[in-house]
Amino acid sequence: RLERLDAHAVQRRRAVQQDRVLASGVPVVVSRHGGAVELMEATGGGVLVEPGDPGAPGLADAVGALLADPDRARALGAAGRAAVLERFDVRRSAEELADVCRRAAERRIIYS
């Protein structure tokens, strides 16, 4: 069960299904790469670290910092959960898609 984790760390190119981790209220530590950057910026639910940069704090350092500061870890987890539930809700996404389809169909009828 994801909720039992204190933090979840993901190396570069393995940032898959982080929305599920965030939805469980667990803060994420992930390498600054691809979609992980967008997800962390959109949710505020984790910490981004530089991939493969020996001079930058890495995954272990970031996880250690979260373990040492449980209040920050809880705040990140709560922010991530709230953002995912609000922005990435399946029903809401389906309603938005249906709305786009309706508008597209209306335009086709008007312009045909």
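User: How many salt bridges does the structure hold?
Analyst: The structure holds 4. A salt bridge here is a side-chain nitrogen of Lys or Arg within 4 Å of a carboxyl oxygen of Asp or Glu. This is a predicted model: local features need pLDDT of at least 70, side-chain atom pairs count only at pLDDT 80 or more, and totals for chains, interfaces and linings use all residues. Residues are numbered from 1 along each chain as its sequence is written, and side-chain values use heavy atoms, with hydrogens and water left out.

User: What is the mean confidence of the chain?
Analyst: The average pLDDT is 81. That score is the predictor's confidence in each residue, from 0 to 100. In the chain, 77% of the residues score at least 70.

User: Where is confidence lowest?
Analyst: In strand β1, residues 8–10, with a mean of 66. Helix α4, residues 70–87, is highest at 92. Helices (H or I, at least four residues) and strands (E, at least two) are DSSP runs, numbered from the N terminus.

User: Back to the salt bridges. What does Arg32 pair with?
Analyst: Glu50, at 2.9 Å from N to O. Arg32 lies in the loop between β2 and α2, and Glu50 in the loop between β3 (46–49) and α3, so the pair ties together parts 18 residues apart in sequence.

User: Which residue does Glu96 bridge to?
Analyst: Arg92, with the closest N and O atoms 3.1 Å apart. Both lie in helix α5, residues 90–111, 4 residues apart, about one turn of the helix.

User: What about Arg103?
Analyst: Its side chain meets that of Asp99 in a salt bridge, 3.2 Å from N to O. This pair is also in α5, 4 residues apart.

User: New topic. How many residues are in the largest nonpolar core?
Analyst: There are 12, including Val21, Val30, Met40 and Val84. A nonpolar core is a set of buried Ala, Val, Leu, Ile, Met, Phe, Trp, Tyr and Cys residues joined through side-chain atoms within 4.5 Å. Buried means under 20% relative accessible area, exposed over 50%, partly exposed in between (1.4 Å probe, protein chains only).

User: Which element gives the most to this core?
Analyst: Helix α2, with 4 residues.

User: And α3, which of its residues are buried?
Analyst: Leu59, Ala62, Val63 and Leu66. They cover an arc of only 100° around the axis, so they sit on the same side of α3. The arc is that of the directions from the helix axis to the C-beta atoms.

User: What does the face turned away carry?
Analyst: The exposed residues Ala60, Asp61 and Ala68.
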